[in-house]
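Hello,

Please find the structure below. My notes on the sheet and its helices follow.

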Amino acid sequence: MESSSIYLDYAATTPVDPGVVHVMSPYFTEDFGNPSSVHRFGQQAETALERARRTMAVLLDCQAEELIFTSCGSESDNLALRGTAHRQRNVRDAQHILVSAVEHDAILSTAYALDRYHGFQVEMLPTDEYGRVTPEELRRRIREDTAVVSVMYANNEIGSINDIQALATICREMAVPFHTDAVQAASQLPIEVDDLQVDLLSLGAHKFYGPKGIGALYTRSGTEIAPTLTGGAQEFGLRAGTQNVPLIVGMAEALRITQSSREQHNSHFSRLRDRLISGVLEAVPGAQLTGHPTKRLPNHASFVLRGIDGNALLAALDLEGFACSSGSACKTGDPEPSKVLLALGLSRELALGSLRVTVGRLTQEHDVERFLVTLPRVVQRLRKVETSR
Ligand SMILES: *Cc1c(COP(=O)(O)O)cnc(C)c1O
């Protein structure tokens, strides 16, 4: 990696906070015990594990026993959807699953699998032009036999924030479990589960300056859920496997830092984001903001650029020293437009010209200014190539 490269892809992942690395490190070497062991090595590990669980529970305003540690945000989403769907079918014959059309693939592909291989009936909740699910739409589609509803807190591609409380309240009235994927949101938004009224909430540490390979699922006590990874009795019998104590300790510390300095970080992010949005819309002809203009993540700017191939743009920007994203996990050579952008009603052609720019704790004002000088030049060059073909 070039040292002069500027990272503007914090929605994809974040660097681990040095304070987090520090608290994790003894648990790789000296305090290496298995929390399930009876001896003192085990007890020490269990103490650290349960301390981390309590720290996170305080931040989420829930009971420690309501938190299940998993291996990532994707696994949390899988456990939430699969675990709830199967159990709700057992308990009350519920076969219907509602997910928003703009969910992360960890939800969408899981929903498809439940439909295709397990006999559930999956229905998409359409969104408005900003990718938000309206309470009216949920009311129209929720049924007595809905097993679970899943709507993301904040969208990873377009940054839009859903009114989770309003949606969760509707589900509660119908006694249908409500899950939110908060993997992208937790780095910037409040996560107190009682305020949000959610029954299940997914987290992944590497999106909030914690390590990769660790996540958590909040499960409200009384919410019926079946395990998806079976074996030992770890995590209240809902997720077998020896807990990854160093990563769990790191995740708790990362969430503590994130939530305790949230406002300070968000004001930094939103200043940079607003400059990015106005700068791009001014300097790049044919650029259009995607996602909600104000109800969006403080660090998140996303666009579609008319007449531009998003993958070519990312490669050109990388050569100029800027790491950005198209928003979805699409790779070079895969000309499929993002499902999220199509769900907003954008044309295929426009959706292929997507650009996501996300800032973070280490982003400085002059990084953004340099980007705003480079982007129009690169776009102009790519458009020339396109028209001369
Ligand atoms: C990153 C992300 C995921 C997947 O999390 P991993 O920890 O990478 O598995 C799920 N949902 C959203 C909204 C995300 O941004």
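Which strands does helix α2 (residues 40-60) lie across? The model is a predicted one, so read everything here as computed. Helix α2 lies across β2, β7 (200-204) and β8. Its direction is at about 120° to β2. Another helix, α6 (residues 164-173), also packs on the sheet. Helix α6 touches β5 (146-150) and β6 (178-181), and its direction makes about 155° with that of β6.

Now the sheet itself. It is open and has seven strands. The order is β2-β8-β7-β6-β5-β3-β4, and the pairing is mixed. Why do β2 (67-70) and β4 (121-125) stand at the edges with one side left without a neighbour? Each has a single partner strand, so one side of each has no neighbour in the sheet. From one strand to the next, the twist averages 20°.

Last, the side chains of β2. Buried or exposed, and which way do they point? Leu67 and Phe69 point one way from the strand. Ile68 and Thr70 point the other way. All four residues are buried.

Best wishes

Conventions:
Residues numbered from 1 in each chain as written. Predicted model: local features only at pLDDT ≥ 70, side-chain atom pairs only at ≥ 80, totals over all residues. Heavy atoms only, no water. Pairing = 2+ DSSP bridges. Helix = DSSP H or I, 4+ residues; strand = E, 2+ residues; numbered from the N terminus. Axes fitted to C-alpha atoms, helices over the stretch in contact; angles between N-to-C directions. Contact = heavy atoms within 4.5 Å. Buried < 20%, exposed > 50% of the residue type's maximum accessible area, 1.4 Å probe, protein only.
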